[in-house]
Amino acid sequence: MMKKIVLLICFSFSLVAFSQNVKMIDYEKSPSPTINRQKPKLEINKIYERTDEAAEFPGGINAFRVKLADALVLDSVKTLHGENFVKTTLDFVVERDGTFTDVKASGSNVIFNTEAARAMKSIKGKWKPAKYEGVVVRSRYRIPLNLNFE
């Protein structure tokens, strides 16, 4: 029995002698090395593709679509090779003050592209600009347009 007690005491001391030293860290006081606590600087002239809050037309996207449809003059738009529809994508930048610039239309029908860009430029009214990290920024906005002929 005495041998077992001596062996248990020796084993206990060996655990203490060969154990690792643990440095206690106060995580509330020391910054985490994986978290960058500084906010990145926002570039004023950069055009943001993704934002926290998207740019918005007064009255919403449906109000914008109605104004755009009213501004389109479709008499000159013709389809090529007997197509039943044409499509384009309007691409523009909503500036920090709510105006829009850099209007471009891309699609297979050049006449429809030109008319869509003209109609977009004729729309009056300012947009609510986009926000990124709580700061008003320039943002790119894209909207597809499809026209069916019957």
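Asn109 sits in the loop that links β3 (100-107) to α3. Helices here are DSSP runs of H or I with at least four residues, strands are runs of E with at least two, and both are numbered from the N terminus. With a relative accessibility of 3%, Asn109 counts as buried; buried means under 20% relative accessible area, exposed means over 50%, and partly exposed is in between, with a 1.4 Å probe and protein chains only.

The side chain of Asn109 has a polar atom 3.1 Å from the backbone nitrogen of Ile111. A polar atom of that Asn109 side chain also lies 3.1 Å from the backbone nitrogen of Phe112.

## What kind of model this is

This is a predicted model, where local features need pLDDT of at least 70 and side-chain atom pairs count only at pLDDT 80 or more, while totals for chains, interfaces and linings use all residues. Residues are numbered from 1 along each chain as its sequence is written, and side-chain values use heavy atoms, with hydrogens and water left out.

## The chain as a whole

The chain has three helices and five strands. Read from the N terminus, the order is α-β-α-β-β-α-β-β. Of its 150 residues, 26% count as buried.

Now for the contacts, meaning heavy atoms within 4.5 Å. Take the ones between residues at least 6 apart in sequence: 75% of these join residues at least 24 apart.

## How α2 and α3 pack

Two packed helices are described by the angle between their axes and the distance between the axes. For α2 (residues 61-71) and α3 (residues 110-122), the axes come within 9 Å and cross at roughly 120°. That makes α2 oblique to α3. The axes are lines fitted to C-alpha atoms, for helices over the stretch in contact, and angles run from 0 to 180 degrees between N-to-C directions. Under 35 degrees counts as roughly parallel, over 145 as roughly antiparallel, 65 to 115 as roughly perpendicular, and the rest as oblique.

Which residues meet? On the α2 side they are Phe64, Leu68 and Ala71, and on the α3 side Glu115, Ala116, Arg118, Ala119, Met120 and Ser122. By class, this contact has six nonpolar, one polar and two charged residues.

## Asn113, inside α3

Asn113 is placed in helix α3. Is Asn113 buried or exposed? It is buried, with a relative accessible area of 9%. Setting aside neighbours within four places in sequence, Asn113 is in contact with Thr88, Ala105, Ser106 and Gly107.

Most residues other than glycine have a negative phi, and most peptide bonds are trans. Asp102 has a phi near 55°, a positive value in a residue other than glycine. Asp102 lies in strand β3 and is partly exposed at 37% relative accessibility.

Glu133 is not a glycine either, yet has a positive phi of about 55°. Its place is the loop between β4 (130-132) and β5 (135-148). At 30% relative accessibility, Glu133 counts as partly exposed.

## Lys46 and Ser139

Lys46 is found in the loop between α1 (2-18) and β1 (47-48), and is partly exposed, with a relative accessible area of 38%. Lys46 and Ser139 are 93 residues apart along the chain, and their C-alpha atoms are separated by 8.2 Å.

Definitions and conventions. Nonpolar A, V, L, I, M, F, W, Y, C, P; charged D, E, K, R; others polar. Polar contact = N/O pair within 3.5 Å; in protein donor to acceptor, adjacent residues only side chain to side chain.
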